[in-house]
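Good morning, and thank you for coming.

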Amino acid sequence: MAYVIEMPPVVIQEIRDYERATGRSLEARIVEFVKSELQRRREADEWEAKFDNLVKSSSSRMAGTDAYKFNRADAYPDGEFA
């Protein structure tokens, strides 16, 4: 899949200078960044799912009603929240 990014000529020249100086193409750096960002997001989603399961499993042992869910109106005295 190809993407086209329009940039001012000054930025294009800076990219070319960077590529000459480092010996690495910007394309490779962008692909590397996208892969690492996708991996980071997957790991965050996995962590979040594990945490949700932990909360669910530990709250099932608690007596009473369902776990509290924040409601903005709870932060105000009765009748004051519109």
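Let me start with helix α2, which gives the most to the lining of the largest pocket, with five residues. Helices here are DSSP runs of H or I with at least four residues, strands are runs of E with at least two, and both are numbered from the N terminus. This is a predicted model, in which local features need pLDDT of at least 70 and side-chain atom pairs count only at pLDDT 80 or more, while totals for chains, interfaces and linings use all residues. Residues are numbered from 1 along each chain as its sequence is written, and side-chain values use heavy atoms, with hydrogens and water left out.

The protein chain has two helices and zero strands. Helix α1 spans 9-22, and both α1 and α2 supply at least two residues of the pocket lining.

What is the volume of the largest pocket? It is about 410 Å³. A pocket is an open set of points on a 1 Å grid over the protein atoms alone, with protein on both sides within 12 Å along at least five of seven lines; lining residues have an atom within 4 Å of a point. Of the 13 lining residues, Y3, I5, L26, E27 and I30 lie nearest the centre of the pocket. The lining divides into 12 nonpolar residues, no polar ones and one charged. Ala, Val, Leu, Ile, Met, Phe, Trp, Tyr, Cys and Pro count as nonpolar, Asp, Glu, Lys and Arg as charged, and the others, Gly among them, as polar.

L26 belongs to helix α2. Its relative accessible area is 24%, so L26 is partly exposed; buried means under 20%, exposed over 50%, and partly exposed in between, with a 1.4 Å probe and protein chains only. By contrast, F33, also in α2 (residues 26-59), counts as exposed because its relative accessibility is 52%.

I turn now to salt bridges, each a side-chain nitrogen of Lys or Arg within 4 Å of a carboxyl oxygen of Asp or Glu. The whole structure holds four of them. One joins R24 to E32, with the closest N and O atoms 2.4 Å apart. In another, E37 meets R40 at 2.7 Å; these two residues lie three apart in α2, about one turn of the helix. R41 and D45 also pair, at 2.7 Å from N to O, and are four residues apart in α2.

Methods. 1 Å grid on protein atoms, 1.4 Å probe; cavity = no way out; pocket = protein on both sides within 12 Å on 5 of 7 lines; lining within 4 Å. Points joined across faces, edges and corners; volume = space filled by probe spheres on them.
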